[in-house]
Amino acid sequence: MDLNRREFLKTIGVVSLAGLGAKGFEILAPGELEAKEGPVAKGKQWAMVIDMPKCIAKNQKEPCTECMKACHTIHNVPDFGDPKVEIKWIWKEKYENTFPGTHHEYTNEALHGKDFIVLCNHCTNPPCVRVCPTKATWQRPDGIVMMDWHRCIGCRFCMAACPFGSRSFNWGDPRLCPPERNPGFPTNMAYPTRSKGVVEKCTFCPELLAKGELPACVQACKKIKVDALVFGDLNDPESEVRAVLREKYTIRRKPELGTAPKVFYVI
Amino acid sequence: MYDATKILAGLIIGIGLFMSPFFYNAGKAAKAPTPELTPKAKEAKVCVESKEYMKANHMHLLDTWRHTVVRDDVRYFRSPVNDKMHYMSLQQTCMDCHSNKSKFCDSCHNYLGVTPYCWDCHVAPKEPKEKG
């Protein structure tokens with residue numbers, strides 16, 4: 001057959017265009033960012049609002065750790081007294097570190113250096129879930145980013161993926177925590193501890209939600225009548241969280257990353 | 001063969017030593033342990049499933065339970081034996097009746113040489129120390 005180079009290339013071009021068909025145009029169409037804010041899921045969507053002025057006011061009177069104590073007691077979270085191996089579900093972070101890039105030197109001085117309450121944000125687009133190779137962490141239909149410690153293989157991909165440092169790794173057996181720092185560990189006989197090599201984090205207390213109770217930290221804050229932690233259903237316009245979100249101006253941590261946290265802060 | 005007697009004697013002694021545990025235990029089969037029931041478990045008469053089912057399948061039941069509770073958020077189990085509802089929890093339900101882990105769980109598990117890793121995380125109830 002007599003086919004010169006030019007004709008051969010032409011034929012190949014036409015054939016491959018026909019082969020691609022409509023798909024060819026799809027490839028050229030602009031893509032979508034995976035971490036964009038999608039439509040709000042139907043049904044219950046648990047969320048939390050942290051009213052910082054209330055929390056700061058309480059802390060100024062006397063240092064308060066009630067929410068952390070309640071959480072870490074009920075979930076058998078050990079205290080090793082060493083920041084390198086510390087396990088934390090809910091803890092304090094300085095304002096500047098809670099909202100990096102948002103604060104500047106002229107922001108309200110009352111906020112500078114103040115302790116903010118931080119925990120897992122139960123993101124709408126959780127990056128930890130995307131990277132988990134065993135689905136040990138996944139998003140429940142009600143928006144809770146849950147953990148199945150039975151399945152965790154301790155690869156720590158989720159810890160690398162989480163932009164909020166909300167996940168902690170068990171470098172050792174939590175039951176070997178120093179007894180003088182952890183009197184009566186495990187503190188809750190109805191809850192398991194974790195084992196060495198497992199990642200853990202806040203779970204929004206599904207075992208309490210199932211009983212119709214609020215998460216342990218929220219209960220603790222209500223008990224001391226500070227009410228800085230508000231918990232409820234984002235999809236229910238009558239819920240307590242929606243009322244606060246409506247009345248007060250709230251921000252979220254690192255919104256530029258598009259993870260859409262479900263923990264909101266009143267500044 | 002040089003030193004045949006020495007080698008043969010050595011072989012016999014060596015094999016004899018190697019086999020000694022078998023000879024020592026010959027004819028004595030270790031008795032299968034019977035798991036001990038606590039008064040509370042005896043009083044309840046029936047577990048969440050029939051005794052035969054639990055004997056053969058408790059590990060599958062527990063595996064299903066942990067899956068349905070953690071992953072599906074389904075927390076109650078209807079017993080096919082008596083239609084009672086049970087909260088699916090190893091620590092709160094199973095060990096509430098069978099609070100004698102060493103005599104109930106461990107006796108068989110040790111006999112069979114299985115080491116379930118449940119207790120790496122799940123907290124076993126404190127057992128009162130045996131007297132004497």
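User: How many residues of chain B are in contact with chain A?

Analyst: This is a predicted model. In it, 11 residues of chain B are in contact with 13 residues of chain A.

User: Which elements of chain B give two or more residues to that side?

Analyst: They are α3 (51–72), α4 (90–97) and α6 (118–121) of chain B. The largest share comes from α3(B), with 3 residues.

User: And how do the residues on that side of chain B divide into nonpolar, polar and charged?

Analyst: There are 3 nonpolar, 3 polar and 5 charged.

User: Stay with chain B. How many helices and strands?

Analyst: Chain B has 6 helices and 2 strands. From the N terminus, the order is α-α-α-β-β-α-α-α.

User: What is the radius of gyration of chain B, and what would a compact globule have?

Analyst: Chain B has 23 Å. A compact globule of 132 residues would have a value near 14 Å. Along its principal axes, the C-alpha trace of chain B spans about 80 × 40 × 25 Å.

User: What percentage of chain B is buried?

Analyst: Buried residues make up 11% of the 132 residues in chain B.

User: What about contacts in chain B between residues at least 24 apart?

Analyst: Take the contacts in chain B between residues at least 6 apart in sequence. Of these, 62% join residues at least 24 apart.

User: Switching to chain A. Which residues of helix α4 are buried?

Analyst: In α4(A), residues 66–74, the buried ones are C67(A), C71(A), H72(A) and I74(A).

User: Take α9(A). At what angle does α4(A) pack against α9(A)?

Analyst: The angle is about 140°, with the axes 8 Å apart. The two helices, α4(A) and α9(A), are therefore oblique to each other. α4(A) passes α9(A) in a right-handed crossing.

User: Which residues make the contact?

Analyst: From α4(A), E66(A), C67(A), A70(A), C71(A) and I74(A). From α9(A), A216(A), C217(A), Q219(A), A220(A) and C221(A). The residues of this contact divide into 8 nonpolar, 1 polar and 1 charged. C67(A), C71(A) and I74(A) are also among the buried residues of α4(A).

User: One last thing. What happens just after α4(A)?

Analyst: N76(A) takes a positive phi of about 55° there.

How values were computed:
Residues are numbered from 1 along each chain as its sequence is written. Chains are lettered from A and ligands numbered from 1 in the order in which they are written. This is a predicted model: local features need pLDDT of at least 70, side-chain atom pairs count only at pLDDT 80 or more; totals for chains, interfaces and linings use all residues. A residue is buried if 20 or more other C-beta atoms lie within 10 Å of its own, exposed if 12 or fewer, and partly exposed in between; C-beta atoms are placed from the backbone. Helices (H or I, at least four residues) and strands (E, at least two) are DSSP runs, numbered from the N terminus. Two residues are in contact if their C-beta atoms, placed from the backbone, lie within 7 Å. Ala, Val, Leu, Ile, Met, Phe, Trp, Tyr, Cys and Pro count as nonpolar, Asp, Glu, Lys and Arg as charged, and the others, Gly among them, as polar. The radius of gyration is taken over C-alpha atoms; the globule rule is 2.2 Å times the number of residues to the power 0.38. Axes are lines fitted to C-alpha atoms, for helices over the stretch in contact, and angles run from 0 to 180 degrees between N-to-C directions. Angles under 35 degrees count as roughly parallel, over 145 as roughly antiparallel, 65 to 115 as roughly perpendicular and the rest as oblique. A crossing is left-handed if the near helix is turned anticlockwise from the far one by less than a right angle, and right-handed if clockwise.
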